[in-house]
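Please walk through the model below, from its overall layout down to single side-chain pairs.

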Amino acid sequence: MERYRAIPQGYMTAGAVAKKMSVTVRTLQHYDKEGLLSPSAMSEGGRRLYTDKDIIKHFDSETLDHIRNRFDKESGIVFMLHFLHLQDEAIQLHADGIPAESQRGQQFAKDYWVLIMEFTGRNTDLLPKLIQMGQSDEFGQEWTQKQAKANAFIEPALGAYFSNEGIDPFQEATP
């Protein structure tokens, strides 16, 4: 693990990651201790330094199951990590000009829909609440702007996916 005097570009302190994940720094320290989420670097002063890749790479399906089983009351964290990753991916796909109807766009839409269905326990009655929450400005202007950029890809991709798969998201809960 590298040590840095200043925080290099692309790295975040534990405080920044905790804020991004809506958890406490203490929770991150616990994740590090348990080997669930470790920083990729440390500052000279001993501060944990994370990258977005650190957050995402540790959450493969086996780790997700472990976290869900051990930290059930914090299962929203798992959703948020995946959601933030998919949000960033949607922004990148849109920026790269990937068509929502393309194979890549449809794989993204499937992954997104599966995440939503897992999070809601396949309860489509929760979809309007999730949509409303996603459009809320209670998370700040930066969040609202980022979500709007992501939605520029997500909405047409999901629309095409639902049409191709014959899914009515408010009636059918099958991904």
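Predicted model: local features only at pLDDT ≥ 70, side-chain atom pairs only at ≥ 80, totals over all residues.

Residues are numbered from 1 along each chain as its sequence is written, and side-chain values use heavy atoms, with hydrogens and water left out.

Start with the layout. The protein chain has eight helices and four strands. Both kinds of element are DSSP runs, numbered from the N terminus: helices are H or I with at least four residues, strands are E with at least two. Read from the N terminus, the order is β-β-α-α-β-β-α-α-α-α-α-α. The chain has 175 residues, and 39% of them are buried. Here buried means under 20% relative accessible area, exposed means over 50%, and partly exposed lies in between (1.4 Å probe, protein chains only). Now take contacts (heavy atoms within 4.5 Å). Among those between residues at least 6 apart in sequence, 62% join residues at least 24 apart.

Next, helix H8. It covers residues 141–165, 25 residues in total. The expected span is 1.5 Å times one less than the number of residues. H8 bends by about 40° at Asn151. The bend is the angle between axes fitted to the seven residues ending there and the seven starting there. Asn151 is also among the buried residues of H8, which include Trp143, Phe153, Ile154 and Tyr161. Just after the helix, Gly166 has a positive phi of about 70°.

A nonpolar core is a set of buried Ala, Val, Leu, Ile, Met, Phe, Trp, Tyr and Cys residues joined through side-chain atoms within 4.5 Å. The largest one has 25 residues; Phe108, Tyr112, Trp113, Ile116, Phe153, Ile154 and Leu158 touch the most other members. H5, H6, H7 (127–135) and H8 each give two or more residues to this core. H8 gives the most, with eight. Look at Phe153. Leaving aside neighbours within four places in sequence, its contacts include Ala90, Leu93, Ile98, Pro99 and Phe108. A second, separate core has 13 residues, among them Val17, Val23, Leu36 and Leu37.

How many salt bridges does the structure hold? There are three. Each one puts a side-chain nitrogen of Lys or Arg within 4 Å of a carboxyl oxygen of Asp or Glu.

Asp32 and Arg48 meet at 2.9 Å, N to O. This pair links helix H2 (residues 25–33) to strand E4 (residues 48–50), with the partners 16 residues apart. Arg48 is partly exposed, because its relative accessibility is 23%.

Lys146 pairs with Asp88, the closest N and O atoms being 2.7 Å apart. Lys146 lies in H8 and Asp88 in H5 (residues 75–95), so the bridge ties together parts 58 residues apart in sequence. Lys146 is partly exposed at 26%, and Asp88 is partly exposed at 29%.

Glu89 bridges to Arg104, with the closest N and O atoms 1.7 Å apart. Glu89 sits in H5 and Arg104 in H6 (residues 103–120), 15 residues apart. Glu89 is buried, at 14%, whereas Arg104 is partly exposed, at 34%.
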